[in-house]
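Let us read this model together, one feature at a time. Keep the sequence and the coordinates open.

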Amino acid sequence: MDGRWQIHAERLSRLAAGLTPGAGTLVACRSDLGGVAHRFLPGDRPWRELSVAVLGGTFTGAPAAAFDALGRATIAVVGADGRLAVARRAAPGSAEFGPWTVTG
């Protein structure tokens, strides 16, 4: 394997994307491991895994991807308990997402 994840056709309908001129496009979907697979386009390889273990190991629906007012990449999911969970990068361009923040 070369580190790339296969995104199956049925999953493409549940793909989220957020765009910012500085970082490109953030793409997120449910991963084969049950978490959130994400990457930046163009050129970010391989897909990275954002674990949802602290959210009970699963989430409902599909993740959402966006950039906040400070330009930080943001991924949101609805946990199995129905509460919104958000993970952000610490700063624009930082390498990893921080921990999930659960609301409600």
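Q: Which residues does arginine 89 touch, not counting residues up to four places away in sequence?
A: This is a predicted model. Arginine 89 touches His38, Phe40, Arg48, Arg72, Ala73, Ser94, Ala95, Glu96 and Phe97. Arginine 89 is found in the loop between strand S7 (84–88) and strand S8 (101–102).

Q: Is arginine 89 buried or exposed?
A: Buried means under 20% relative accessible area. Arginine 89 has 7% relative accessibility, so arginine 89 counts as buried.

Q: How do strands S2 and S3 run?
A: Start with a general idea: in a regular strand the side chains alternate between the two faces of the sheet. Here, S2 and S3 (residues 36–41) run antiparallel, joined by six bridges. Alanine 28 stands opposite histidine 38 in S3. The two strands form a hairpin with five residues between them. In the turn, glycine 34 has a positive phi of about 95°. S2 (residues 24–30) is mostly covered, with five of its seven residues buried.

Q: How many aromatic pairs does a search of the whole structure find?
A: One. Phenylalanine 40 and phenylalanine 67 have ring centres 6.3 Å apart and planes at 50°, so the pair is tilted. The pair links distant parts of the chain: phenylalanine 40 is in strand S3 and phenylalanine 67 in strand S5 (residues 59–67), 27 residues apart. Phenylalanine 40 is buried at 8% relative accessibility. Phenylalanine 67 is buried too, at 18%.

Q: Which residue lies over the face of phenylalanine 59?
A: Arginine 30, at 3.9 Å from the ring centre.

Terms used. Residues are numbered from 1 along each chain as its sequence is written. This is a predicted model: local features need pLDDT of at least 70, side-chain atom pairs count only at pLDDT 80 or more; totals for chains, interfaces and linings use all residues. Side-chain values use heavy atoms; hydrogens and water are left out. Helices (H or I, at least four residues) and strands (E, at least two) are DSSP runs, numbered from the N terminus. Buried means under 20% relative accessible area, exposed over 50%, partly exposed in between (1.4 Å probe, protein chains only). Contact means heavy atoms within 4.5 Å. Two strands pair if DSSP finds at least two bridges between them. Rings of Phe, Tyr and Trp (its six-membered ring) pair if their centres lie within 6.5 Å; planes under 30 degrees apart count as stacked, over 60 as edge-to-face and the rest as tilted. A charge sits over a ring if NZ of Lys or CZ of Arg is within 6 Å of the ring centre and within 35 degrees of the ring normal.
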